[in-house]
Amino acid sequence: MIKGYSISSDQSQMDLDAIHDYLSQAYWCAGVPRETLATALHNSLCFGVFFATEQVGFARLVTDKATFAYLADVYILEQHRGKGLSKWLMQEIMQHPENQGLRRIVLATRDAHNLYAQYHFKALTDPDIFMQLWNPDVYKAVEN
């Protein structure tokens with residue numbers, strides 16, 4: 001625990017407006033429509049980081065809760081960084097009861113490799129077996 005902060009996976013506590021404000025500007029999903037994000041959150045296991053009642057961080061797992069999960073949309077607001085919140089968030093995600101026994105958890109990151117390495121994430125062992133269908137401009141075609 002970090003004084004003044006809390007982490008919750010209670011879907012009803014997630015502040016969609018705060019999450020959308022951040023993610024719609026993030027390099028990995030810039031321009032994501034609010035309605036698209038609402039659907040994504042509804043269909044994911046979400047984790048919110050709160051300072052009192054203000055949402056200051058977030059992460060979500062897209063998962064079947066049995067074998068596989070994709071970790072996405074992880075952030076801590078800049079003014080709350082440097083306090084250990086991202087490490088605490090990762091601990092909560094990795095220890096969550098619904099994430100035990102998963103065969104594979106994957107993620108994509110441009111700049112947080114050191115954080116995820118602390119939780120045993122590694123570069124793909126055999127990247128040749130993975131494929132993707134990627135449309136990085138999908139949100140540019142959607143009205144916000």
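This report describes the sheet, the salt bridges and several individual residues of a predicted model.

Residues are numbered from 1 along each chain as its sequence is written, and side-chain values use heavy atoms, with hydrogens and water left out. Because the model is predicted, local features need pLDDT of at least 70 and side-chain atom pairs count only at pLDDT 80 or more, whereas totals for chains, interfaces and linings use all residues.

## The sheet

Helices (H or I, at least four residues) and strands (E, at least two) are DSSP runs, numbered from the N terminus. Two strands are said to pair if DSSP finds at least two bridges between them. Strands of a sheet pair through backbone hydrogen bonds, either parallel or antiparallel.

In this model, five strands form an open sheet in the order 1-2-3-4-5, and the pairing is mixed. Strand 1 (5-8) and strand 5 (104-107) are the edge strands, each pairing on one side only. From one strand to the next, the twist averages 20°; for such angles, axes are lines fitted to C-alpha atoms, for helices over the stretch in contact, and the angles run from 0 to 180 degrees between N-to-C directions.

Strand 1 is joined to strand 2 by four bridges in the antiparallel sense. Within this pairing, S6 has F50 in strand 2 as its bridge partner. Strand 2 in turn pairs with strand 3 over seven bridges, also in the antiparallel sense, and L45 stands opposite L61 in strand 3. Strand 3 (residues 54-63) and strand 4 run antiparallel and are joined by six bridges.

Burial is described by relative accessible area: buried means under 20%, exposed over 50%, and partly exposed in between (1.4 Å probe, protein chains only). Strand 2 (residues 45-51) is largely enclosed by the rest of the structure, because six of its seven residues are buried.

The hairpin of strand 2 and strand 3 has two residues between the strands, and A52 takes a positive phi near 60° there. A52 is a residue other than glycine, and at 60% relative accessibility it counts as exposed.

## A nonpolar patch

V62, F68 and Y70 make a nonpolar surface patch of about 230 Å². Patches consist of residues with over 30% relative accessible area and no salt bridge; like charges are joined within 9 Å, and nonpolar side chains (Val, Leu, Ile, Met, Phe, Trp, Tyr) within 5 Å. The accessible areas come from the Shrake-Rupley method with a 1.4 Å probe, and for residues only the protein chains shown count as cover.

Y70 lies in strand 4 (residues 68-76), where it stands opposite V62. With 31% relative accessibility, Y70 counts as partly exposed.

## Salt bridges

A salt bridge is a side-chain nitrogen of Lys or Arg within 4 Å of a carboxyl oxygen of Asp or Glu. A search of the whole structure finds four salt bridges, and the table lists some of them, including the pair D17 and R34.

| Pair | N to O distance |
|---|---|
| D17 and R34 | 2.8 Å |
| D73 and R60 | 2.6 Å |
| K140 and D137 | 3.4 Å |

The salt bridge of D17 and R34 has its closest N and O atoms 2.8 Å apart. This pair links distant parts of the chain, with D17 in helix 1 (residues 16-23) and R34 in helix 2 (residues 34-42), 17 residues apart. D17 is partly exposed at a relative accessible area of 43%, and R34 is partly exposed at 35%.

The side chains of D73 and R60 meet in a salt bridge. D73 lies in strand 4 and R60 in strand 3, so the pair ties together parts that are 13 residues apart in sequence. Both D73 and R60 are buried, D73 having a relative accessible area of 9%. D73 also has a positive phi of about 60°, although it is not a glycine.

In the pair of K140 and D137, K140 counts as exposed at 70% relative accessibility, whereas D137 is partly exposed with a relative accessible area of 41%.

## Two loop residues

H96 is placed in the loop between helix 3 (85-95) and strand 5, and at 14% relative accessibility it counts as buried. Its side chain reaches the backbone nitrogen of E98 at 3.1 Å. A polar contact is a pair of N or O atoms within 3.5 Å; within protein, one must be able to donate a hydrogen and the other to accept it, and residues adjacent in sequence count only if both atoms are side-chain atoms.

R110 is placed in the loop between strand 5 and helix 4 (113-117) and is exposed, with a relative accessible area of 58%. R110 and A18 are 92 residues apart in sequence and 23 Å apart in space, C-alpha to C-alpha.
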